[in-house]
Amino acid sequence: MSDHNFLSNLNEQQYKAVVSPASSLQILAGPGSGKTRVLTTRAAWLVLEKKIDPERIMVVTFTNKAARDMKEKLEQPTLLGKRVSSQLKMGTFHSICACIVRRYYSFVGLKSNFTIVEPATCLKLNSANLRRMPKKRVYMFDLPICSFKGVYHRFVGYFYSEISKAKNQGLKCAEFAATRGKEFKYRDIAVLYSAYEERLLSQNLVDFDNLLLYGRDLFRYVTELENFVGHVLVDEFQDTNVVQYDLVCLLTQKGQSLTIVGDPDQAIFGWRYADVTNFIKMRSDFPQTEIVNLERNYRSTSSILNSALHVVSYDKDRIEKALFTTNAEGVQTSLLSTSSAETEAGTVAEEILRIVKYSNGLISYKDIAVLVRMNFMSRNLEQAFAALSLPHIVLGGLRFFERAEVKDILSYLSFFHNPYDTEALERIINAPKRGIGEVTLQRIQKLCHERKAEAIDILKAICGITKPSEPCDVVISAAAKNGLKRLLNLCTEVQTMLKEKQTIADIIKHIVSSLEYEQYLKLSYKQDWESRWENIGELVTVAKSFASGSQTHTVPALSTDTSDLLVQFLESTTLDVDRKEHEEASEGKVTIATMHTAKGLEWPVVFVVGCEEGIVPHQKADTKEESRLLYVAMTRPRCFLYCTYARVRTVWGNTKASDLTRFLSNLSPDFYQERTPPWDAKVRTWVAGLLNRPLPEESGNLEHPGDYYPVLSEDNK
Ligand code: ATP
Ligand code: MG
């Protein structure tokens, strides 16, 4: 082995993978086997041992959080240190493409100040298009939906998801129209798809799907991008879709080296058109591919692993692979039955308090996660946690950056940066009130659209500040005109501040004070204006910390101009939307997350709630994929796994009795207990060992037998 210390804590298989000379390498292995660790170490090995310029290495992660975690590890002095690791190109497919599109925006028909928009805005754009379709035209499931007059908006989700599906399959609008658009079933989707693209372009907007499609076009057609990097490393490869696979191939088109890690048993994004056959495709596209398997799990106790493996074995067609651990056996999975979803949430909350108390400082709130199948299930948990004053954050819930007041201020920034964005204008025009009615707003939006003009120019014309070549026949009151003039002044002021390179935090403060935004909140939200106002304060703090360089640079690092920083800041609020929540959790809060967002992460303690038929497997989902999803959730904990279930749950207003999920119903009694784990000095010893934390000194009576929550006993059936 090498004398480099950083390679000494790898097992033989991991070492083989890290130092493999193969130019195409697949590392296939189960959860917790160190795939992500191998990928990180291989990046370090390329720099330290192979003397590769870090700028020539690209590491693609599934989430921005994963990129940050990886970067943190690489920043250690024993690995690359801060300076060198900041030169690596790291990020998600989306953030990498965003940087490329920022550089070559004009090649794809955008203006330099384009805005990346989140799905909520995309839905609104589609809704506007749907409303404009000729009444007798729009068909869904072979039914003319014009017969449901006035309820077009209810169907917008269907149309938008069909458009997004086409994009995820790599079909751009013209291609879609030329192929599927001829079929009766798809012809309306094709029309809406094209109208949607037109709307995005005219407002200088890019949705998440287009980031990837534009990125693919650029890597395909821009010659200087052919040799963009020399080494590509991809984590969570099982969840790449067609477009992402194309991107991987384009990035390595000149024979660059490719390393991917993944686990077909953890493929959980089929519903978002991820294609697990990409493993096989890669082997045929890169015939020299070397395959390495890792078999030892370092993350969990053997008890946790046993119960999780039972769940994934539900899919009888899967290729079985070895996965073992030499970790402590730990305690059996706690499979707990509760009378209702509310009781379930209360039980989880109380158990968290018990763990924190009896672990004697070994386990704190940040070490605990509660995983749900669907977002709505977090509500009961939040209530129960609030009742016991348990600090927590919800990943995938209403995020900080999506809160109305935060979004208002971000939209001001966004609009001043990209004045074509009439969606942002719509959000800010009456926050605070400026007396612009719905009809006037629509008229303004229409004018911008028709004339392909910046909304700022149209507003100036309406206020009589400039004289357009064609008149803008929009009549507004004197008060509204004054309001608009103040908005235009603010825009000029902010643009000057940007030119003067003032900080984003100062710009936000200026916007807030000139809008008298605190007063607006007081008048509009009598109940909770103070906490909303505090959120604005927090936004200023976030902007400050952003400027001080705590962000993960992806590709390629932009300069530190304020306007570039503003772009990065705005981008981080859409592409890295959970960032703030992750930070808060690491500072000492319980994480409530969906099973999907938990992918790749680990915690000492994990509760998987709602282990019921109809929840997981969800009735509309593919059952095998659902078994993999539960497997992913159950392989997140290191020491303690709880699977809870409510005998009665209310969904869509219907209260129904529920059965334990089929995936757990015939779990061997050797692998579970119907109680919460007991705590004593012996338990604390193995927990400390597994977590590699110092064993706290024993003090007081910290023994507890655990409580009983029978699942399968006769009286519950
Ligand atoms: P997943 O499939 O869930 O993404 P993974 O295969 O990527 O899991 P990692 O997250 O890389 O696994 O590793 C799981 C845990 O095991 C981490 O805490 C990691 O630090 C630890 N680990 C991995 N390899 C070793 C090793 N050789 N020695 C000690 N700890 C290790
Ligand atoms: Mg991983």
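## How two helices cross

Two packed helices are described by the angle between their axes and the distance between the axes. In this predicted model, helix H16, which covers residues 404-417, and helix H21, which covers residues 504-514, have axes that come within 10 Å and cross at roughly 105°. Since angles of 65 to 115 degrees count as roughly perpendicular, H16 and H21 are therefore described as roughly perpendicular to each other.

## What lies between them

On the H16 side, the residues that take part in the contact are Ile 409, Tyr 412, Leu 413 and Phe 416, and they meet Ile 504, Ile 507, Ile 508, Ile 511 and Val 512 of H21.

Rolling a probe the size of a water molecule over the atoms shows where empty space is left. The count for this model comes to six cavities of 30 Å³ or more, and the second largest cavity holds about 40 Å³ of space.

Its lining is made up of Ala 341, Glu 344, Ala 345, Met 377, Asn 380, Leu 381, Val 609 and Arg 649. Helix H14 (341-358) and helix H15 (378-387) each supply at least two residues of this lining, and H14 gives the most, with three residues.

How values were computed:
Residues numbered from 1 in each chain as written. Chains lettered and ligands numbered in written order. Predicted model: local features only at pLDDT ≥ 70, side-chain atom pairs only at ≥ 80, totals over all residues. Heavy atoms only, no water. Axes fitted to C-alpha atoms, helices over the stretch in contact; angles between N-to-C directions. Helix = DSSP H or I, 4+ residues; strand = E, 2+ residues; numbered from the N terminus. Parallel < 35°, antiparallel > 145°, perpendicular 65-115°, else oblique. Contact = heavy atoms within 4.5 Å. 1 Å grid on protein atoms, 1.4 Å probe; cavity = no way out; pocket = protein on both sides within 12 Å on 5 of 7 lines; lining within 4 Å. Points joined across faces, edges and corners; volume = space filled by probe spheres on them.
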